[in-house]
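The entries follow the order in which I looked things up.

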Amino acid sequence: MKVILASDHGGVNLRKEVADVLNELEVEFEDIGCDCESSVDYPDYAIPAAERVANGEFDKAILICGTGIGMSISANKVKGIRAALVHDLFTAKVTREHNDSNILCMGERVIGPGLAREIARTWVSTDFEAGRHKRRVSKIAEYENK
């Protein structure tokens, strides 16, 4: 599995926590920043990361901003992306099992580092169940391809 990791200025600290988790899990990843605390625009990080997942260069992405909302909205504009905004362990698991999410979005101003680490660990480690869920995910792809 290959993961691309990115944040805007509002997610720098949490992104470092998630990078530690990926290292612990021995997951190959690329961290594309940002590495500043001055204001940057989340679409400038979310969209390129999402494109690299959509084109198959990466299997998944983890995107972090202040709330996770801007990253998730931006990433979901890219065809083939199923970005999920997650702030608890249950939805981290279910969004992988049922929705086959390929991007995890979190908000540094919403959750603390301990929870973010567990969410990332759960999300990366959970597989898509397929079955009846595959039909539903396929309907999304069909709509995108109209």
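**Entry 1. Basis.** I am working with a predicted model, in which local features need pLDDT of at least 70, side-chain atom pairs count only at pLDDT 80 or more, and totals for chains, interfaces and linings use all residues. Residues are numbered from 1 along each chain as its sequence is written, and side-chain values use heavy atoms, with hydrogens and water left out.

**Entry 2. The sheet.** I took helices (H or I, at least four residues) and strands (E, at least two) as DSSP runs, numbered from the N terminus. I counted two strands as paired if DSSP finds at least two bridges between them. On that basis I found an open sheet of five strands in the order β2-β1-β3-β5-β4, with parallel pairing. Its edge strands are β2 (28-31) and β4 (83-85), each of which pairs on one side only. On average, neighbouring strands of this sheet are turned by 20° against each other, direction ignored.

For such angles, axes are lines fitted to C-alpha atoms, for helices over the stretch in contact, and values run from 0 to 180 degrees between N-to-C directions. Contact means heavy atoms within 4.5 Å. I then looked at the parallel strands β3 and β5, which are joined by five bridges. I64 has M106 in β5 as its bridge partner. Helix α2 (residues 43-54) packs on the sheet and touches β1 (2-7), β2, β3 and β5. The direction of α2 makes about 170° with that of β1.

**Entry 3. Active-site annotation.** Which positions does UniProt give as "active site"? The unreviewed entry places this feature at C65 and H98. They do not all gather at one spot, because the farthest two C-alpha atoms are 24.5 Å apart; in sequence they span 34 residues. I note that UniProt positions are given in the numbering used here, that feature names are shortened, and that annotations may be inferred rather than shown by experiment.

I describe accessibility as buried under 20% relative accessible area, exposed over 50%, and partly exposed in between (1.4 Å probe, protein chains only). C65 lies in strand β3 (residues 60-65) and is buried at 3% relative accessibility. Not counting residues up to four places away in sequence, C65 touches D8, G10, G11, G70, M71, M106, G107 and E108.

H98 is in the loop between α4 (89-97) and β5 (103-107). At 26% relative accessibility, H98 is partly exposed. Leaving aside neighbours within four places in sequence, I list F128, E129, H133 and V137 as the contacts of H98.

**Entry 4. Binding-site annotation.** The unreviewed UniProt entry marks a "binding site" that includes D8, T67, G68 and R132. The annotated positions are spread over 129 residues of sequence and also in space, up to 39.0 Å between C-alpha atoms. I found R132 in helix α6 (residues 132-144).

Is G68 buried or exposed? G68 is buried, with a relative accessible area of 0%. G68 sits in the loop between β3 and α3 (69-75) and, residues up to four places away in sequence not counted, touches L85, C105, M106 and G107.

T67 is also found in the loop between β3 and α3, yet T67 counts as partly exposed at 33% relative accessibility. I list L85, H87, M106, G107 and V110 as its contacts, not counting residues up to four places away in sequence.

**Entry 5. A buried loop residue.** N102 lies in the loop between α4 and β5 and is buried, at a relative accessible area of 10%. Beyond neighbours within four places in sequence, N102 is in contact with residues including V53, D59, K60, G80, R82 and W123.

**Entry 6. Cysteines.** A disulfide is a covalent bond between the sulfur atoms of two cysteines.

C36 is partly exposed, at 23% relative accessibility. The sulfur of C105 has its closest cysteine sulfur in C65, at 7.4 Å, also too far for a bond. C105 is buried at 0% relative accessibility.

Key. A disulfide is a pair of cysteine sulfur atoms within 2.5 Å.
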